[in-house]
Structures are given as C-alpha cells and as structure tokens.
Amino acid sequence: MESLSTYHPPTDDEIAHYRSLLKEPQSEAIRIGEEIERQTKLLAGLREKQKAYTNFIAQHSAFLAPIRRLPPEVLQTIFVHCLPTDHNPSLAPKEAPFLLSHICRRWRDVAFRTPRLWARLHVHVPIYPEVPTSYQGLRSARDAGRLLEPARLTQEEVDLYRCIVERWEDKMHEYRTAIDAWLSRAAKCPLTISLQQSSNVSDATKGKEAQDSILETIFRFSKQWKSIQIHAPTPILERLLTMSKDDLESLEHFAAQWDISYRDRPTLAGMGGGGGGTGNAGESFGDSNPGITLFSDAPNLKRLSLQNVPYPLKHFHVQWDQITELILGKFALPNSDIFAPRPVLFAHRALDILERCPNLVRCRLTLGKTYAFNHNTPGGVGHHQFPHIDESREIVRLEYLECLCINEGNPLGNFFEFLEVPRLKELVFKTSQYPRARPVPTPPPISAATQAQLQDHGHHDPTVTATNPAPTVTPRRSTTSCLMPLFERYGENIEKLLLDESMLSNEDMERCFGLLKNLTHLKLTRMSYIRPFLDRTSPPGTEPNFVVGYLSRRIWERMTPKMPATKPAFVDSEGGYEDGLGEGLVSRFGDSDLLLPKLTSFSCRVHAPELVQDHVIEFLQARRHTCPSTTLLENFSIMFYATEPEQRYKNIANELVKLGANTEGMTLEVKYRRTYGDSLLGPSDFIVKPLLRPKWPTTGDRPGMFFGVEDTYEEDE
C-alpha cells in the first residue's frame with residue numbers, strides 16, 4: 001500500500017495484484033448503482049402516489065370546507081369588506097371586486113349578484129398616444145403635430161405609430177364595455193365615481209371620440225350618482241356642470257379639479273380681467289358665464305370641493321346652507337401666467353361665503369396666493385391689494401364646524417377675529433408668510449411743557465429741560481400671529497393640530513402651546529421651504545425683520561413635566577435644577593406652566609440635533625413617566641436635519657433604555673436627513689434646505705384623505 005503514495009511506475013507484479021484487488025469493489029459498486037436506480041424509481045412512484053392522494057384529499061377537503069356552506073348573503077358581506085378603503089376600486093385584475101369574480105364559478109355568480117360591490121369605481125381615461133420620443137426628429141412631445149410629415153418620420157416609424165394607435169382604440173373599446181358592465185351590475189345602488197382624464201398634448205381633438213364614448217357611458221348612470229370626483233379639462237367639466245336637475249337627484253358629493261394647461265390660455269384669458277386684474281375668486285373679473293346649473297339643480301348636495309376653478313365663484317349657484325363639507329382653492333385668475341392658476345380667494349370674501357354656510361362641519365380654504373409682490377408700493381404689494389376686513393362687519397358663527405384647514409397665501413390679518421367656532425377640534429394651518437416683527441405705535445416723546453405740567457402734580461424728571469427734551473422711546477416689536485385670536489378663544493377645544501412652527505415666532509409658539517390645554521395630537525412640519533424668493537425680502541430701506549420660530553430650549557423644557565428627584569440636584573446658573581439625565585431629573589417649571597399636558601402623539605422636524613437631542617431625551621423620559629398632571633406620550637416622530645452622519649449623534653432609543661425609561665407600547669421614530677449649508681438653530685434656520693424638499697401635506701378629496709389623525713397627520717416627505 002505504500003506504493004500508492006509514491007510516484008514510481010508500478011511493476012508487472014503490482015499491476016496484476018491491483019487488478020485482482022479491484023474486481024470485487026467494481027462489481028459491488030455496479031450492484032449498488034443498480035439498487036439506487038431501482039430505489040429511485042420506487043421513490044418516484046411513491047411520490048406520484050403521494051401526490052395523487054394529496055390532490056384527492058385536497059379536492060375532497062375543499063368540498064367540505066366551511067366557506068362552501070356559507071349562505072350567499074354572508075359571502076356577499078365578506079366580499080364587500082374586501083373592497084379597498086383608501087380609494088375607489090378600479091378595473092385592476094388583482095384587486096377586489098374584479099379579483100373575486102375570477103376565483104370560481106360560485107364566487108363569480110355571488111359577486112355579480114352583489115350590487116354593492118360595483119357601486120364604486122375609479123376611471124382613468126388614457127390619453128391618445130403621443131409619438132414615441134425615440135422617433136427620428138422628435139425634440140418635444142409638443143412637436144407631435146408635425147411628426148407625421150414624411151420628411152420627419154420614416155415609413156417604418158409611421159407604420160409602428162399607427163399600430164400603437166389601433167391598439168389604443170381597441171383597448172378603449174374594451175375599456176368602455178367593461179365600465180358599462182361594471183356600473184350595470186350596481187343595479188340601483190347609489191354610485192361613487194372618480195374620473196381622471198387629460199387631453200393629448202399636441203392636439204386635444206385626437207382620440208376625442210373614443211374618450212367621449214367612455215364619458216357617455218358614465219353619464220348614462222348620472223341619476224344614481226351619490227359622489228362624483230373628477231379631474232378633467234374645462235370642456236368636460238363644463239358639460240358636467242350644465243347637467244339638468246333630473247339627472248342629479250341623488251348627488252351628495254361633488255369634487256372637481258380643472259386640468260388647466262397652456263392650451264386653455266386663450267380661452268381663459270378671454271374671460272376678462274386682463275393681465276393681473278384685482279378681481280378675486282368670489283368677485284367678477286370677467287363677463288363670461290358658463291351657464292353652470294349643476295349646483296342649483298342638486299337638491300341633496302352636502303359636500304363640495306372646487307380646485308383650479310377658471311370661473312368667478314358667483315357663477316356657482318350653490319345652496320350654501322345645506323353644505324356640510326367645503327373645499328375651495330386655486331381659483332384661476334386670468335393674468336400673464338395663466339399656466340399656473342393662482343388661489344385668489346381673499347379673506348373678506350371667504351368670510352362672506354362662510355357666513356352662508358351655517359351647517360359646515362369640515363372646511364378647507366386656500367386664500368389669496370398671487371406672488372405679485374412689489375415692495376415699492378404701499379403695503380409691500382403690487383397691483384394686488386389685500387383688503388383689511390372692516391371692523392364693523394358681523395361675526396361669522398359656525399356652530400357645527402369641527403375641522404378647519406387654512407392655506408394662507410397673502411396675509412390674513414384679522415380674519416380669525418371674525419370667526420366663532422365653538423366646536424372646533426382639528427386645525428390645519430399652512431402659510432407662505434414668514435413671521436415679521438412689526439413696529440407697534442409708541443407714545444410721542446414728552447415735551448418740556450408737558451413735563452412742566454407733570455412737575456406741578458409732583459412728577460419731576462430733572463433730565464428733561466426745554467433744551468433737552470425727553471428721549472424717544474425705542475419702538476417695541478409685535479410678532480403676534482393671525483392665529484392667536486383663534487387660540488385665545490378656542491384653544492382649549494382643539495385636540496389635533498398641524499402647524500408649520502417656523503411660521504410662528506418663538507413667543508407666539510410658546511403662547512400657542514400654553515393655550516392648547518387639551519391638545520392630544522400635534523404635528524409640526526417644515527412647509528416653509530416652498531416660498532417665492534420675494535417673500536423672503538424686506539422692503540427697500542428697511543432692515544430684515546424675520547422672526548422665524550423653532551423649538552427652542554425653553555419650549556422643550558416647558559413641555560417636559562417634573563419628575564421626582566431621588567438624588568440631590570443642584571441649582572444651575574439660570575435658576576433651574578440639573579443633575580444630568582438620570583432619575584434626579586426635575587423641571588425648572590411647575591405643573592401649572594407645563595405645555596401640552598395631554599399630548600399623546602407628537603411629530604416634529606428640527607435642525608442641529610447636537611443642540612437639542614439632550615432636551616428631546618429629557619422630554620421623552622419625562623413624558624413616559626406616570627404623572628397625574630400629564631398623559632403618557634404614545635407616538636413620537638422626529639426628523640433631524642443634520643450636517644453630520646447619523647452615527648455621530650446620540651441614539652435616542654438606546655439612551656432611553658439606559659435611563660430606564662418606560663418605552664413599552666410607545667412608537668418611536670427618529671430620522672436624519674443630511675442638509676447643505678450651515679446647521680443653524682434659530683431665526684435663520686429656514687435657509688438650511690434638505691436634499692429633497694418635503695411635500696406639502698395634502699388634505700384631498702379621496703376617501704380617507706380629508707381630516708383625522710390617519711389623514712392629516714400622515715408623513716409628508
């Protein structure tokens with residue numbers, strides 16, 4: 001055997017020996033291989049038998065499944081609960097109810113016999129195909145009208161494009177048939193329909209016949225409309241708005257958003273007003289009357305939403321006293337830039353509308369964004385003047401209003417002083433106005449003659465003489481937000497608030513939080529990044545006077561309740577108590593000064609985590625401590641805009657564990673976003689922009705997108 005480990009050539013005797021030695025192992029290996037093959041075939045046969053028995057069992061067990069014994073009525077109820085809740089169902093094959101009708105014959109029959117399954121539908125009308133951008137000579141989709149010229153396209157490209165168009169026409173025919181079948185299955189159920197349609201970029205008339213056939217199909221069921229939401233060009237909406245009364249007996253909700261594009265510019269400009277008129281959405285800026293009859297002929301209309309409206313509001317003859325939910329925004333003012341409609345519903349006109357809606361429960365208004373700033377004119381505004389609401393006007397009382405959302409474009413001034421909302425519970429306030437310090441009128445300097453009179457009454461100032469009059473008092477600055485009158489009167493009623501904290505001064509923010517005694521949900525956003533450049537400038541000859549607010553150390557401390565000290569604490573230089581983040585943590589403020597004692601959900605965005613992270617940890621530790629004066633914080637989300645990598649900052653979750661804080665059942669979310677520029681915490685922090693601008697939180701018309709914690713307070717990144 002030693003020769004096996006060498007490289008010497010074998011001898012004749014060794015060759016004969018090894019050959020005799022291999023005979024038995026070789027025959028045994030062959031025998032084992034044959035046995036393996038036999039066993040493999042046997043195993044395969046057993047597996048086939050097992051599969052057959054498994055299929056037999058599955059088929060017969062399925063026949064015995066309890067769901068087969070469910071009455072059709074119970075199955076129908078289950079099917080209805082399978083429908084999407086955040087949007088209307090569509091013709092998507094992997095979504096109920098379409099999916100339910102493709103499981104088995106019985107389910108298909110039950111689904112087709114359940115009208116409620118088909119009472120909601122979202123329709124997206126595909127646009128006529130544009131010429132593919134990869135085709136020769138195409139520079140822009142707007143050149144498509146010239147692309148079919150032989151000099152611009154090859155014959156092969158023309159043939160391919162025609163095939164695309166033919167396929168689109170076939171699909172549109174199938175789409176129309178499917179929509180008709182869907183709505184027919186709803187029988188006499190009230191219908192909820194959302195429709196989205198755009199026109200061909202190069203030529204709006206292309207594909208119009210096929211698109212109109214789909215609209216005709218939907219309009220045939222208008223007597224069953226309960227809710228209609230539509231985003232479409234003006235011609236389609238004009239047709240809808242001029243429908244007769246007999247077609248809209250069941251309509252309760254109407255939401256329209258005009259698809260205003262450059263093609264509509266001549267039409268809209270012809271509506272009057274000229275370039276940059278002073279009219280607004282509620283007043284006449286043109287003589288065009290589209291003949292809108294829908295609202296006066298809808299006896300049961302209660303919910304109304306109008307967006308990007310190209311007509312004055314006077315043309316909408318709404319029965320305002322029966323409206324309970326109202327959304328108004330972005331009325332198109334004909335001017336030099338009609339491509340982007342401007343919200344020009346001013347504060348005084350909004351009060352006039354609200355006065356006619358005494359039964360409002362939910363309301364969202366977009367007020368007065370025009371971008372027409374010119375600091376050389378009085379008031380710091382160009383040809384658009386923002387009227388101050390007359391102090392003599394009557395107060396508007398909205399007895400039933402619970403949810404209010406305001407988008408402030410131009411300054412609202414004393415708007416909220418004329419609103420009485422005793423049941424207000426939820427407030428969303430978005431603004432494009434930076435808070436500015438405003439000079440407050442001060443008494444004139446005391447003259448020498450007046451000083452002499454005061455001396456006669458025992459008041460003497462030896463520094464004041466006829467040649468040395470009293471010094472002028474430096475004017476104080478007021479930073480009061482337009483929201484403060486609302487908070488002062490109804491702050492204790494508000495339970496949910498979404499606010500851009502940088503649009504309040506620190507003084508106003510602290511006052512605001514002090515008035516919200518029963519607030520449970522608070523979201524502080526950073527909507528101030530989306531601002532026109534001119535909004536950030538000061539009038540010529542004046543100093544910058546921005547007073548942008550932020551969550552300062554004092555505010556964090558006033559939101560942090562006292563905790564019992566179990567070890568000695570020492571007094572710091574500011575008169576408070578400090579001993580780190582341990583069990584000895586106490587507050588320099590008493591329970592009576594605690595801000596937001598009932599807060600259960602808090603979301604915010606701050607800069608410079610290195611300056612505030614310790615205060616955040618203190619706040620969370622104290623808010624998770626059982627205390628009779630506060631409610632346990634259940635949800636906390638914070639976004640840090642940081643200039644350093646996340647790893648260089650404290651891990652808030654780990655720090656809370658080290659401190660023994662009660663985090664059971666608490667939802668904690670900490671995010672970091674890298675920023676450009678300096679990491680500033682203070683009045684200039686609005687200049688630090690994130691890599692991705694946060695979107696404006698939307699409060700839309702879709703189901704589940706109006707108000708409420710799940711809707712208004714969803715992440716707006």
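Accessible areas here come from the Shrake-Rupley method with a 1.4 Å probe, and for residues only the protein chains shown count as cover. The model is predicted: local features need pLDDT of at least 70, side-chain atom pairs count only at pLDDT 80 or more, and totals for chains, interfaces and linings use all residues. Residues are numbered from 1 along each chain as its sequence is written, and side-chain values use heavy atoms, with hydrogens and water left out.

**The whole chain**

Switch to cartoon. There are 15 helices and 20 strands. These are DSSP runs, numbered from the N terminus: helices are H or I with at least four residues, strands are E with at least two. Of the 717 residues, 45% are buried. Buried means under 20% relative accessible area, exposed means over 50%, and partly exposed lies in between (1.4 Å probe, protein chains only). Now think about contacts, meaning heavy atoms within 4.5 Å. Among contacts with a separation of 6 or more, 74% are between residues 24 or more positions apart.

**Stop 1: helix H1**

Select Leu42, Leu43 and Leu46. Together they form a nonpolar surface patch with about 260 Å² of accessible area. Patches take residues with over 30% relative accessible area and no salt bridge; like charges are joined within 9 Å, nonpolar side chains (Val, Leu, Ile, Met, Phe, Trp, Tyr) within 5 Å. A salt bridge is a side-chain nitrogen of Lys or Arg within 4 Å of a carboxyl oxygen of Asp or Glu. Leucine 42 belongs to helix H1, residues 12-63. Its relative accessibility is 44%, so leucine 42 counts as partly exposed. A reminder on geometry: an α-helix has 3.6 residues a turn, so residues three or four places apart point the same way.

**Stop 2: a cis bond and an arginine**

Go to proline 97, in the loop between helix H2 (72-81) and helix H3 (105-112). A cis peptide bond joins alanine 96 to proline 97, with omega about 5°. Most peptide bonds are trans, and most residues other than glycine have a negative phi.

Arginine 185 lies over the face of phenylalanine 112, 4.1 Å from the ring centre. Its charged end also sits over the ring of tryptophan 118, 4.7 Å from that centre. The test for a charge over a ring is NZ of Lys or CZ of Arg within 6 Å of the ring centre and within 35 degrees of the ring normal.

**Stop 3: two positive phi angles**

Select alanine 187, in the loop between helix H4 (155-185) and strand E2 (191-197). Alanine 187 is not a glycine, yet its phi is positive, about 55°. It is partly exposed, at 39% relative accessible area.

Jump to asparagine 308, in the loop between strand E5 (303-307) and strand E6 (325-329). Asparagine 308 also has a positive phi of about 55° without being a glycine. At 12% relative accessibility, asparagine 308 counts as buried.

**Stop 4**

Pick alanine 350 in helix H8, residues 347-355. Alanine 350 is buried, at 1% relative accessibility. Leaving out residues up to four places away in sequence, alanine 350 touches Leu345, Leu365, Leu367 and Phe415. Leucine 367 is in strand E7, residues 362-367. It is buried, with a relative accessible area of 1%. Draw a C-alpha distance from leucine 367 to histidine 348: 9.9 Å, across 19 residues of sequence.

**Stop 5: helix H11**

Select residues 506-515. The buried residues of helix H11 are Asp508, Met509, Glu510, Cys512, Phe513 and Gly514. Their cover includes helix H10 (484-490), strand E15 (521-525) and helix H12 (553-558).

**Stop 6: aromatic pairs**

The structure holds 15 aromatic pairs. The rings of phenylalanine 619 and phenylalanine 636 have centres 6.0 Å apart and planes at 50°, so this pair is tilted. Rings of Phe, Tyr and Trp (its six-membered ring) pair if their centres lie within 6.5 Å; planes under 30 degrees apart are stacked, over 60 edge-to-face, the rest tilted. Phenylalanine 619 and phenylalanine 636 are both buried.
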